[in-house]
Structure formats: C-alpha cells, structure tokens
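Hi there,

Here is the structure I promised to pass on to you. Have a look at it first, and my notes follow below.

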Amino acid sequence: MKKSKQFWPFVIAAVLVYVVVQVLISNGMMNQFYSNTLILIAINIILAVSLHLVIGITGQFSIGHAGFLAVGAYLSAIVTMKLHLPFIVAILVGGIVAALAGLIVGIPSLRLKGDYLAIATLGFAEIIRIVFLNIDYVGGAAGMQVTHLTTWTYAFFCLVVTIIVIVNFTNSRHGIAAISVRENEIASDAMGINTTYYKVVAFALGSFFAGVAGALYAHNFYIIQPSQFGFLKSFDILIFVVLGGLGSLSGAVLSAILLTVVSTYLQGYPETRMIIYSLVLILVMLYRPKGLMGTMEITDYFKLWRTPKGGGQHGK
Amino acid sequence: MEWIQQLINGISLGSIYALIALGYTMVYGIIKLINFAHGDVFMVGSFIGFYSITVFGLGFFPALILSMAACALFGVIIERIAYKRLRNATRIAALITAIGVSLFIEYGVIYIRGAQPEAYPDVFSNRSFEFLGAHISIQSILILSVSVVLMILLQFIVHKTKTGKAMRAVSHDTEAAKLMGINVDNTISATFAIGSALAGAAGVIFGVYYTKIDPLMGVIPGVKAFVAAVLGGIGIIPGAMVGGLVLGVVETFVSALGFSLWRDAAAFVILILILIFRPSGIFGKNTREKV
C-alpha cells in the first residue's frame, strides 16, 4: 500500500522532468551546453546508483567501477561503429557484457574481504583498461571514433530504469538479504543467507548498469580512449557514493548532481577541481564519516512529520 | 648473457618497489590501513631530492638524507592530520580518506609547480663494467647497495631498538600494548616516519635511475609496491622485500620478452592470483577469522 502510494508521485515527477526538458531542448530554449550537462548528470547518476548497490547496500568495497564502464563503452561502440546496429541494441549489449565481466570478476574476488577486495577490484579494472589498450581492433591508445547518439531521451530513460530496478531490488527480499550481508556477514551467513550468492548478484547488477552508463558515455563524446577509464574515473564514482552517504540512494543521486555541476563549472581549472574534490572527501570523512545523508533517504525526511508507525523501511 | 642483464635491471627496479613496499607493510601491520598516499610521499621525496640537487647543489648522499628527513616529517604530519581521527572509524572511511589525501598531494604539487615532467640531473658518471657478459652500470650497483643498507638498517631498528620493540608490540595487539604502558600514538607516528623516509629514499633513487619525474609518478609504483607487500604477506617486513624483488624481476622479464605494454597488467595479474590462491602472501600464515 505504502509503496504504491510512493510510486505514482515519482512516476509523475519523472515524466514532468522529462517533458519539460525535452520541450525546452526541442524549442531551442536550452542550448547545447546545458543539455549536455543534463545528459552528463544522468550518466553520473546511473554510475553512482549502480555503485551504491555494491558498496552502499551490499557493503562490498569495490573501487574498480570504471572497468565496467569501460567494458560498456567499448562494447557498445563496437556494436554501433563496427556492426552498424541500432543504439538501443548497443546499450543492451554494453550492459550485458559488463554484467558478464562483473560475474567473472566477482566470483573469484568476492571471496576477499574489505581492503583486499578493494585492491583486487582496482587491479581488475586496471587489467581491463590495459586489455583495451592492447587491442588494435578498438584503436589501442589512440582510441576509437564514436558518433554522437546519446540524447536526453535515451539518458533519461536509462536513468529511470536504473533507479526503478535498484530501488525494487533494495526493497525486495534479495535487497534485505544484501543489507544483512552489509551489516554483518558472519551473522547473516549463520542465519542461513547465501552471502556469496547475494554479493555476486549485486555485483553483476551494479556492473550491468555501469555498462549501460558506459554505452551512454561513449556515445556522448566523439572519441573513447583507455586513459579515460583509469583510477581517477573509479575514484570519481566512488566519491559520489561516499559523499552522499554509504547506503543512501538519494544521497548518491544528490551528490552526483552536485559534483557534476561543480566539476562542469570548474572544467577550465582541472587542478583546482581535483583539490576541491579531495578536500571535500577528506573533510567529509573526518567530520562525517557516514556521508552527507548517512543511510537516510529523502523520503525519510518527509516521514518525520507524520505520526511514526513501527520501524522505518530504509535502514536505521 | 642477455638474461643476466635483465635480471640485474629487474633487481634494481625491484629494490625500489621493495623500499616503498616496506612503508606500506609497516603501516598496514600497525593500523590496518592501506595508505594510498604512500606513493605520493615517494613522489614528494623524489622532488625534494631533485630540488636539493639542482637548486641547492647538494650531492647524491646529502640529497638522499635530506629527502628522507623531509619525507619522515611529511608522513608524520599526514598521519596526525588525516588518519589519527579515524583510528576507530570504519576501514572504508579510513581507506577513502587515504585516497583523498593521495589526490590532494598529487594535485597540490601540480597546483604549486605545474604538471610538466622534470629531468633528473646526472649525479653519477655513466660508467659501466662487464660482468659475465652483461653491462652493469655504477648506478645500479650504488642503488642496490643503498637499498640493501636501508633494509638492513630497518631490520636493526625493528628488532634491536626500543621503538622497534614497541612497534612490534602495537602491531601484535594495540590494546594490550597500551595497557603495558606503550605510547601507541608515538609508536604509530614513528612507523609513519620510518616508512615515509624509506619512500623518500626510493623516490630519490627512482629519479636517479629513471631520470624522469612528474607529479603523478607515485600512482603506479605506489600501487605496485602495495602489490609487492601483498605478495610477500602484508605486515611482514622480509615479505615486502622479497615481494618487491620478485615483482621487479617479473616485470622486467615481461618487458624483455616483448610484452612491454602488458608490463603493468602483469603486476595486477600476480596480485589477483595471489589474492585468490594465497591471500596471506608468500610468508604469511593462514589465520582464521574469529567471530
């Protein structure tokens, strides 16, 4: 009951946002710069939300998300540029292959915990990057030409699908199991939860959406190069999630919007941008290690005014 | 005798990795933190060495010692400002702070002096002599001997001095060490100081050997040194040395076999294999997690 009450306002809001922006773009009232920023925001939100599923919900500290972004970007570019198939197929192929890559990476490395998992995922992402660097079919270090196909419609549609799938996953029985893995892996194992299964599922799902974001990312620029998918890109995505609050989906969304806008305006001063980024990261971790929103969601703030009925739905 | 030549190159590279890895392994052993900023301390050390040779006109050894001292201080400052508050925070918070500190140092240096690379001055004459048909430069010998001396010194500090004893105690059990009257904060600072001094020395040696330094040079050697530390068993000092040497030799041979573009991948493949099959490393003992 409660969920369906929440569902329709979100759908209406989403449709409204989409229609307003689309009308503005097609009327020519919004110039290239702003529409591009909006597309970039949508891509970054998809990335942030997909990593939020892995780190925030399942508690698996993966810091190699750019690797899956790279898989999605390159595979989708091959589909459109070499095989001349439609863009929608490219998005799906990018997502599916990234999910497969997520399975291949996840099954062995999710046996590791904490720091070791972080380093292993970082290493895997770097291996993926080096593999693309050495394949001449995709242009090696020089990169690959890609046509500009990402439009506001594609970006927004993918964004909405991502959020709906991840919110539903989080609220489902699987999501609750994943959260129990985050809270205490040994205890949830003892309660009969197949922790490996949930970790791998969350990892593959996160990789799938990273691949979708990769497809959009590749077709939003005119060229993709392996150097775009290094450590820094992974850390960028990680920063969205951490700043928003580990375990808060709306936090990830908000910080992705905020940081994309800030970094778009600081584009001309790359050093200043990185210094601000790192300072924000250090200060948030020192003074608010839970992130800006903690594990709260935006909707929780509205609930405060209502009479509380039983426990909250999203985390404590 | 091509392979002897490659082996010597590999050992030189490996000894640089080993020096950085020692800092990682000591810090991890004592506060269980992957100090991502360690690679950047290495970079700062390299630049301090560079400026003390070119601007102040110091020789190699004074520059080395100055760089080590400055890096020791720098490491302690980083620890006091960024990591001390996070002693009891989650590991994820500490790791992310370390990433933040690392980015801050890199881009702080770029902000101050620009991103352009710098050519290290030639401090030794480029003489070499023949050994079993291989050309060994004076530089490699000197670099190798400096590394070996520093490692022996480290072993002496850790095993024969009071500070070393305190370090081992804190790393074994922080709470018990505190109860026995050991000043944990000072011991951790000393660990950071020693580890950072070694990274600074590695930075100067790296500059002399590879002749090109830039503000982002710490990233890849830093991660590889971490791989070396994991390879040998993290927290174990001889493990870091052996891991560094093995990694350096493997990398050099991968390049020598004509796969130079795959060189960086080799380190990560080793990392992942060791993490999957023997997470405790070559020298580590398997310990079961207690509930």
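Let me start with the interface: chain A and chain B bury about 3800 Å² between them, 82% of it on carbon and sulfur atoms. Buried area here is the accessible area (1.4 Å probe) that two parts lose on being put together, summed over both. On chain A's side, Asp115(A), Tyr116(A) and Ile119(A) supply 17% of the area that chain A buries against chain B, more than any other three residues.

Some housekeeping before the rest: this is a predicted model, in which local features need pLDDT of at least 70, side-chain atom pairs count only at pLDDT 80 or more, and totals for chains, interfaces and linings use all residues. Residues are numbered from 1 along each chain as its sequence is written, chains are lettered from A and ligands numbered from 1 in the order in which they are written, and side-chain values use heavy atoms, with hydrogens and water left out.

Back to the interface. The contact (heavy atoms within 4.5 Å) takes 38 residues from chain A and 42 residues from chain B. There are zero salt bridges between chain A and chain B, a salt bridge being a side-chain nitrogen of Lys or Arg within 4 Å of a carboxyl oxygen of Asp or Glu.

The largest nonpolar core has 186 residues, and those with the most contacts inside it are Ile224(A), Leu238(A), Leu22(B), Phe36(B) and Tyr83(B). Such a core is a set of buried Ala, Val, Leu, Ile, Met, Phe, Trp, Tyr and Cys residues joined through side-chain atoms within 4.5 Å; buried means under 20% relative accessible area, exposed over 50%, partly exposed in between (1.4 Å probe, protein chains only). Leaving aside neighbours within four places in sequence, Phe36(B) is in contact with residues of chain A and chain B, including Ile63(A), Ile119(A), Leu122(A) and Tyr24(B).

Two more residues to look at:

- Lys199(A) is buried, with a relative accessible area of 4%. Beyond four places in sequence, Lys199(A) is in contact with Thr58(A), Gln60(A), Leu110(A), Val181(A) and Glu185(A).
- Ile110(B) also counts as buried, at 8% relative accessibility. Not counting residues up to four places away in sequence, Ile110(B) touches Glu271(A), Ala115(B), Pro215(B) and Leu216(B). Ile110(B) and Gln155(B) are 45 residues apart in sequence and 35 Å apart in space, C-alpha to C-alpha.

Best wishes
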